[in-house]
Number of protein chains: 2
Amino acid sequence: MVDVAVVGVGMIKWGELWEKSLRDVFVEAALKAIDDAGVDRIDSMYVGCMSSGLFAGQEHLGGVMADYLGVTPIPATRIESACASGGVAFRQGFMEVASGMSEIVLVGGVEKMTDVSGGGATYALATAADQEYEVYNGVTFPGLYAMMARAHMAKYGTTRDQLAQVAVKNHDNGSKNPNAQYRMKITVDKVKNAVMIADPLTILDCSPITDGAAAVIICPVEIARKMGKQPIVRIAGSGQASDTIAVHQRKDITYLGATEVAAKKAYEMAGVGPTDIDLVEVHDCFTIAELCAIEALGLVEKGKGGPATENGETAIGGRIPVNPSGGLKSKGHPVGATGVAQIVEVTEQLRGESGPRQVKDAKRGLTQNMGGTCASTAVHILEVA
Amino acid sequence: MVDVAVVGVGMIKWGELWEKSLRDVFVEAALKAIDDAGVDRIDSMYVGCMSSGLFAGQEHLGGVMADYLGVTPIPATRIESACASGGVAFRQGFMEVASGMSEIVLVGGVEKMTDVSGGGATYALATAADQEYEVYNGVTFPGLYAMMARAHMAKYGTTRDQLAQVAVKNHDNGSKNPNAQYRMKITVDKVKNAVMIADPLTILDCSPITDGAAAVIICPVEIARKMGKQPIVRIAGSGQASDTIAVHQRKDITYLGATEVAAKKAYEMAGVGPTDIDLVEVHDCFTIAELCAIEALGLVEKGKGGPATENGETAIGGRIPVNPSGGLKSKGHPVGATGVAQIVEVTEQLRGESGPRQVKDAKRGLTQNMGGTCASTAVHILEVA
């Protein structure tokens, strides 16, 4: 397999981008990545997107984006894996370069979610759950994650305050990220007293509805070296896994089995373990999700996500900084873009370009991106080569 | 790059499968492919599907299908490239095995189109065209292909009868295919006198709305040899390309540029040319599409698709048999499944298992699968190793 590097990243300000179309948003991020990499060609491209059909009435995003970006006739492929679309698209790009089929590949993620009414967005997002057995019976994602939170509290003694502290930390981090959708700092009390969505989760436990895109350029490490840009950020590990689509089919609904499997593969491939990681970006679509994710990644013991968050272990400057970008909670969650934006954040951290939210001496970072309640997940490990 | 073979194929009877769900249809084909290959594990899987969100209210098909097939926690990825979703999914699976990331990979394609009303299906399909510049102005695919047909007739003198002869030939072939949706033979007069859809195309120039799935198992040629099954069907070439999403942006609307580019790459990779191909499966979503496709593939000269069809060159037993399976026209067109079913047909032909529609001494076959009006396309060359 060819050794692969991330040589360019493109991120835009996320939010309610009423004045921009789906194409505008994607192309803006893609052009930034191309500019950052300094490449004069792309051999192939990927578009991670969950549901442009339901959100924007437009499928066939490979062709649409290659056209609007002005790079036809290169191969252009759209990947869908619900909220893990971006992470899975990154893995597909990685495998294309690793196989030797292509050299310079663009991987972008995009979602334009605010152009439908509130009910339309909830309906579209719920198509990532089990339509026949979950959604048909009236549950959507806030309800599913609320059940996971209640189970985690019952099984491990996780407290309401600990859940809230995930949101507080991520808003602290996001306040230092100029591209984040919600940059205000919040408090535990504010989270607990916000509008209830699905008990125990209030609206401040939930990631928002967001328009946004992110993009990266990858190529063989050998070519990256010739480009002369330092440091070289190498893709050291890649893992992907699946799980039952419905939560109720799992033995333990607090356990993200697919994340554990994908992480194990990524760690093995990189030849490292959880203690070798300097920072992580995880999929905190709800506060409880971050706790489950860091447990499944082996960064904390099972059931210890809450206390670890409470005592500052996951803050920037803590033992293992989690979501220095602000995470989905503060940065926003344009579902198809999220996994790619995680790669952008880790790459910038490894390059030492993260300004006030820089994790000191970051040499190796991990991303965890999941679809639905983790019926799909992609884990990647990047390191300074 | 690892040399890759197709070692199992699974095809089911296509049609209006009211009694089966999206999952049932996919899993039925997948189990047939697994059984045909005789494998006892799968390392990774792909699901080609265009718009399960709009057709069935279910996205996240990687997770859904891995779960229902009982193969979690393997990586499971959904690929969307409109009507080329199947062909592009096959290419992704091919690259995964070629890269060395996985050994035994399942690639399936599926679409369940009849569960929405007629208008719903037309809306869903039209999301493969340019929403902002084509569909917004009232044109859907029959209209776009009708314009391409009129332009081809004006530029090359292609006749109405020649268009009809594509449908007649494909129904002849499909009458010999037990899995085809419409097995009746038709005549040129019947095509010309059928209900008009978009002048000059009648309903018998159009591929139908279909429920269906198809699946294949691929693995390194080295492993295929150990399995001992003969002949080994090797993936000799793979090409993918994109074009403008809107037809009106092209210099010549009769010319499928993306198909020509993808074919060139596939031919180069395989080290062969058009005259070395024994049979092809092309994307005849409308009769005119088959003529444009065989021209772009270099099987006939530009503008000569009509006469070649008229004089029998593309029939089984002709110079270059086109769509021995019956093509999209007779076999049906469950959009996400079509590209994978083309691989199934060519593999069975190379194995000599096609019964009454067998192309004699077939040693090398080509598939061409396209999305929309060819804003995306995948071309593959399979050969007896």
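## Strand β10 of chain B and its partners

In this predicted model, strand β9 (residues 279–281) of chain B is joined by three bridges to β10(B), and the two strands run parallel. Within this pairing, Leu279(B) has Gly365(B) of β10(B) as its bridge partner. Strand β10 covers residues 364–371 of chain B, and seven of its eight residues are buried, so the strand is largely enclosed by the rest of the structure.

Strand β10(B) is also joined to strand β11 (residues 376–384) of chain B, here by eight bridges and in an antiparallel arrangement. Arg364(B) is paired in this way with Glu383(B) of β11(B). The hairpin formed by β10(B) and β11(B) has four residues between the strands, and Gly372(B) adopts a positive phi near 60 degrees there.

## Interface between chains A and B

Contact between the two chains involves 63 residues of chain B and 63 residues of chain A. Together the chains bury about 4,500 Å², of which 52% lies on carbon and sulfur atoms. Three residues, His60(B), Glu80(B) and Met101(B), supply 16% of the area that chain B buries against chain A, more than any other three residues.

The rule identifies six salt bridges across the interface of chain B and chain A. A salt bridge also connects Asp130(B) with Arg23(A), with 2.6 Å between the closest N and O atoms. On the side of chain B that touches chain A, the elements that give two or more residues are α2 (52–56), α3 (61–69), β3 (76–80), α4 (85–99), β8 (233–242) and α10 (257–270) of chain B. The largest share, eight residues, comes from α4(B). By residue class, this side of chain B divides into 29 nonpolar, 23 polar and 11 charged residues.

## Strand pairing between the chains

Strand pairing also links the two chains: three bridges connect strand β3 (residues 76–80) of chain A with β3(B), and these strands run antiparallel. In this arrangement Arg78(A) is placed opposite Glu80(B) in β3(B). Glu80(B) is also one of the three residues named above for their share of the area that chain B buries against chain A.

## Salt bridges within the chains

Over all chains, the rule gives a count of 54 salt bridges. One of them joins the side chains of Asp43(A) and Arg41(A), at 2.7 Å from N to O. The two residues of this pair fall in separate accessibility classes: Asp43(A) counts as buried at 18% relative accessibility, whereas Arg41(A) is partly exposed, with a relative accessible area of 37%.

Another salt bridge connects Arg160(A) with Asp205(A), whose closest N and O atoms are 2.5 Å apart. This pair links distant parts of the chain, 45 residues apart, with Arg160(A) in helix α7 (residues 160–174) of chain A and Asp205(A) in the loop between β6 (201–202) and β7 (211–220) of chain A. Both Arg160(A) and Asp205(A) are buried. In chain B, the side chains of Asp243(B) and Arg250(B) form a salt bridge at 3.4 Å, N to O. Asp243(B) is buried at a relative accessible area of 14%, and Arg250(B) is buried at 9%. A network of salt bridges in chain A links Asp3(A), Arg234(A), Arg364(A) and Glu383(A).

## A buried serine in a loop of chain B

Ser207(B) is located in the loop between β6 (201–202) and β7 (211–220) of chain B. With a relative accessibility of 17%, Ser207(B) counts as buried. Apart from its neighbours within four places in sequence, Ser207(B) has contacts with Asp284(B), Cys285(B), Leu328(B), Lys329(B) and His333(B).

## Helix α11 of chain A

Helix α11 (residues 287–296) of chain A is mostly covered, with 10 of its 10 residues buried. Among the buried residues are Thr287(A), Glu290(A), Cys292(A) and Glu295(A). The elements that cover the buried residues of α11(A) include α6 (141–156), α7, β6, α10 (257–270), α12 (305–310) and β10 (364–371) of chain A. Just after the helix α11(A), Gly298(A) has a positive phi of about 80 degrees.

Terms used:
Residues numbered from 1 in each chain as written. Chains lettered and ligands numbered in written order. Predicted model: local features only at pLDDT ≥ 70, side-chain atom pairs only at ≥ 80, totals over all residues. Heavy atoms only, no water. Contact = heavy atoms within 4.5 Å. Buried area = accessible area lost by both parts, 1.4 Å probe. Salt bridge = Lys/Arg side-chain N within 4 Å of Asp/Glu carboxyl O. Nonpolar A, V, L, I, M, F, W, Y, C, P; charged D, E, K, R; others polar. Pairing = 2+ DSSP bridges. Buried < 20%, exposed > 50% of the residue type's maximum accessible area, 1.4 Å probe, protein only.
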